Amino acid sequence: MPTEVAPLRRKPVQQRSAQRVERMLESCAQLIDEVGYDGLTTTLIAERAGVAVGSLYQFFPDKRAVVQELTLRNLDRFVQTVSERLDRSELAHWWDAVDTVFDVYLGMHREIPAFSKLHFGDVVDLRLLHETKDNNAVIAEKLTSLISERFGMTAGELELPLSVAVEAADAVLHLAFRRAPEGDPTLVNEARELVRGYLSSRISEDQPKDLPAPR
């Protein structure tokens, strides 16, 4: 499901240009970890990347566009990683997939530069990932597609429950990471249980029942 935003003014064609854009994005991530989004400027990004600020403007109109491209790439990485883990795993039930989603998100939060500050863009714009949809709605739609394909469930069956689950998990995980840089483990577990319990009451149980139902 492609998004409908295009932060790049033009896509780099030559390898040198592509490498320059990558340096800009890496520098942007480093600076966000250091000074936050409010302290970020295009001049700082260009200086850190070792390019002229005019070169940055060839590809990005402003700092928001740089952050937008960085966030879209993080979204692609998130979806790709979840998909790969689901493909590699023997999942007995849909809530195994929920655990996989949590694990990937937590891993990115702890390992990917700037992700702990940006998440999926809400700190910048609630519609950073799509022109007409909230960021969490975009995440929910992508997860709906991934889970429905693997468990033979319809998108209509999953759409509303996953939308609510994403919103709930997002709120509790934000609290967990406010409490502790690595995510307060008690609150992380509460987020998992909250989502499992809610989804188990909303999604059909005509799925494999090898595992005990979530408490």
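Trainee: Which residues does Phe115 touch, leaving out those up to four places away in sequence?
Mentor: Phe115 touches Asn74, Tyr105, Met108, His109 and Phe120. Keep in mind that this is a predicted model. Phe115 itself is found in helix H6.

Trainee: What makes Phe115 count as buried or exposed?
Mentor: Its relative accessibility is 0%. Buried means under 20%. Phe115 therefore counts as buried.

Trainee: How far is Phe115 from Ser163, in sequence and in space?
Mentor: They are 48 residues apart in sequence. From C-alpha to C-alpha, the distance is 21 Å.

Trainee: How many aromatic pairs are there?
Mentor: The count comes to four.

Trainee: Why is the pair of Tyr105 and Phe115 called edge-to-face?
Mentor: Take the two values in turn. The ring centres are 5.6 Å apart, and the limit for a pair is 6.5 Å. The planes stand at 70°, and edge-to-face needs over 60 degrees. Both conditions hold, so the pair is edge-to-face.

Trainee: Where in the chain do the two partners lie?
Mentor: Tyr105 is in helix H5 (residues 94-111) and Phe115 in helix H6 (residues 115-118). The pair links distant parts of the chain, 10 residues apart. Tyr105 and Phe115 are both buried.

Trainee: What makes Phe115 and Phe120 an edge-to-face pair?
Mentor: The same test applies. Their centres are 5.1 Å apart and their planes 85° apart. Phe120 is buried, as is Phe115.

Trainee: Which residues form the aromatic cluster?
Mentor: Phe78, Tyr105, Phe115 and Phe120 form one cluster.

Trainee: What lies over the face of Tyr37?
Mentor: Lys63 does, at 4.3 Å from the ring centre. The distance limit is 6 Å.

Trainee: On to charges. How many salt bridges does the structure hold?
Mentor: There are 12.

Trainee: How do you know that Asp99 and Arg192 meet in a salt bridge?
Mentor: The N to O distance is 3.2 Å. The cut-off is 4 Å. The pair meets the rule, so it is a salt bridge. Asp99 is in helix H5 and Arg192 in helix H9 (residues 185-202), 93 residues apart.

Trainee: And what is the distance between Asp99 and Arg196?
Mentor: Their closest N and O atoms are 2.1 Å apart. That is within 4 Å, so the pair is a salt bridge as well. Asp99 lies in helix H5 and Arg196 in helix H9, so the bridge ties together parts that are 97 residues apart in sequence.

Trainee: Why are Asp99, Arg192 and Arg196 called buried?
Mentor: Compare each with the 20% limit. Asp99 has a relative accessible area of 16%. Arg192 is at 15%. Arg196 is at 19%. Each value is under 20%, so each residue counts as buried.

Trainee: Which residues make up the network around them?
Mentor: Asp99, Asp103, Arg192 and Arg196 are linked in a network of salt bridges.

Trainee: What about Arg20: how far away is the nearest side chain of opposite charge?
Mentor: That side chain is Glu22, 12 Å away. Against a 4 Å limit, Arg20 therefore has no salt bridge. Beyond its neighbours within four places in sequence, Arg20 is in contact with Val51, Ser55, Gln58 and Phe59.

Trainee: Last one. Why is helix H7 called largely enclosed?
Mentor: Of its 17 residues, 12 are buried, so H7 is largely enclosed by the rest of the structure. Among them are Val138, Ile139, Leu143 and Phe151. The cover includes helix H4 (63-88), H5 and helix H8 (155-179).

Note on methods. Residues numbered from 1 in each chain as written. Predicted model: local features only at pLDDT ≥ 70, side-chain atom pairs only at ≥ 80, totals over all residues. Heavy atoms only, no water. Buried < 20%, exposed > 50% of the residue type's maximum accessible area, 1.4 Å probe, protein only. Lys, Arg positive; Asp, Glu negative; His and termini not counted. Contact = heavy atoms within 4.5 Å. Phe/Tyr/Trp six-rings, centres within 6.5 Å; stacked < 30°, edge-to-face > 60°. Helix = DSSP H or I, 4+ residues; strand = E, 2+ residues; numbered from the N terminus. Lys NZ or Arg CZ within 6 Å of the ring centre and 35° of its normal.
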